[in-house]
Amino acid sequence: MSQSEASAQNRDEDTDHHRRMRALEAHSVGEVPVGCVFVYAPTGEIIGRGRNRTNETLNGTRHAEFEGIDMILAHDKYRVLAQDLANAFWKDVILYVTIEPCVMCASALRQLGIGQVYFGAGNDRFGGNGSVFNIHKDVNLPHTTYPSEGGYFRNEAIMVLRKFYVGENTNGK
Ligand SMILES: [Zn+2]
């Protein structure tokens, strides 16, 4: 545990990762603050982003990850790539998300064939990338496994959550 925390410290110094994770805070307002960005590894471009919109939409499936996936598939270029290359496209896509993907999102990411997931804080209730279930690496499930690492900017992620829950972040801006 302390070893993984130490390596999380080291990762915090990676400026690319840091920039991407910091960009998420702005995306988590008025909802349980989960934000994500999808990066296309060959170009380093952010091709999708999302935040949790379950309250706004009254739809419990509108998790940040699904918002980001929809954004990618709404983009002509990436939709064509995703259709033509299927798994090869998604293998080149990296997800950064403030909170560990839940079991639903973890399964969707697996079905797409996502290349890599980095998350901030673990999700002790619904986590699908190690906290509760190991959807990302269970070899007995269909579709391919994917690497997922937690502890990225865990402190920042927890701070955002804490702000949200104490109501400091309710002005919608
Ligand atoms: Zn989810």
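This is a predicted model: local features need pLDDT of at least 70, side-chain atom pairs count only at pLDDT 80 or more; totals for chains, interfaces and linings use all residues.

Q: Where is His143 in the fold?
A: His143 is in the loop between strand 4 and strand 5.

Q: And what is its phi, positive or negative?
A: Positive: phi of His143 is near 70°, and the residue isn't a glycine. As a rule, most residues other than glycine have a negative phi.

Q: What does Gly122 touch, leaving out residues up to four places away in sequence?
A: Glu100, Gly127, Ser131 and Gly150. As for Glu149, it is 27 residues from Gly122 in sequence, and the C-alpha atoms are 9.9 Å apart.

Q: OK, zooming out. How many helices and strands are there?
A: Eight helices and five strands. Going from the N terminus, the elements run α-α-β-β-α-α-α-α-β-α-β-β-α. There are 173 residues, and 36% of them count as buried.

Q: What's the strand order in the sheet?
A: It's 2-1-3-4-5, in an open sheet with mixed pairing. The edges are strand 2 (45-51) and strand 5 (148-149), each of which pairs on one side only.

Q: Which way do strand 1 and strand 2 run, parallel or antiparallel?
A: Antiparallel, with six bridges joining them. Val37 stands opposite Arg49 of strand 2.

Q: How many residues sit between the strands in that hairpin?
A: Four, and Gly44 takes a positive phi near 75° in this hairpin.

Q: What about strand 1 with strand 3, parallel or antiparallel?
A: Antiparallel, through five bridges. Tyr40 has Val93 in strand 3 as its bridge partner.

Q: And strand 3 with strand 4?
A: Strand 3 (residues 93-99) and strand 4 (residues 116-121) run parallel, joined by five bridges. In that pairing Ile94 stands opposite Gln116.

Q: How many residues of strand 1 are buried?
A: Five of its six, so strand 1 is mostly covered.

Q: What lies across strand 1?
A: Helix 4 (residues 64-74) does; it also lies across strand 2 and strand 3, and runs at about 140° to strand 2.

Q: Which residues of helix 4 are buried?
A: Ala64, Glu65, Glu67, Gly68, Ile69 and Ile72. The buried residues of helix 4 pack against strand 1, strand 2, helix 5 (76-85), strand 3 and helix 7.

Q: Now the core. How many residues are in the largest nonpolar one?
A: It has 29, and Leu95, Val97, Leu109 and Ile114 have the most contacts inside it. Strand 1, helix 4, helix 6 (87-91), strand 3, helix 7 (103-112) and strand 4 each supply at least two residues. Strand 3 gives the most, with five.

Q: What does Ile114 touch, again skipping residues up to four places away?
A: Trp90, Val93, Leu95, Leu109 and Tyr146.

Q: Which residues of helix 7 are buried?
A: Cys105, Ala106, Leu109, Arg110 and Leu112. They are on the same side of helix 7, because they cover an arc of only 160° around the axis.

Q: Why would residues three or four places apart point the same way in an α-helix?
A: Because an α-helix has 3.6 residues a turn.

Q: What comes just after helix 7?
A: Gly113, which takes a positive phi of about 90°.

Conventions:
Residues are numbered from 1 along each chain as its sequence is written. A residue is buried if 20 or more other C-beta atoms lie within 10 Å of its own, exposed if 12 or fewer, and partly exposed in between; C-beta atoms are placed from the backbone. Two strands pair if DSSP finds at least two bridges between them. Two residues are in contact if their C-beta atoms, placed from the backbone, lie within 7 Å. Axes are lines fitted to C-alpha atoms, for helices over the stretch in contact, and angles run from 0 to 180 degrees between N-to-C directions. A nonpolar core is a set of buried Ala, Val, Leu, Ile, Met, Phe, Trp, Tyr and Cys residues joined through C-beta atoms within 7 Å. The arc is that of the directions from the helix axis to the C-beta atoms.
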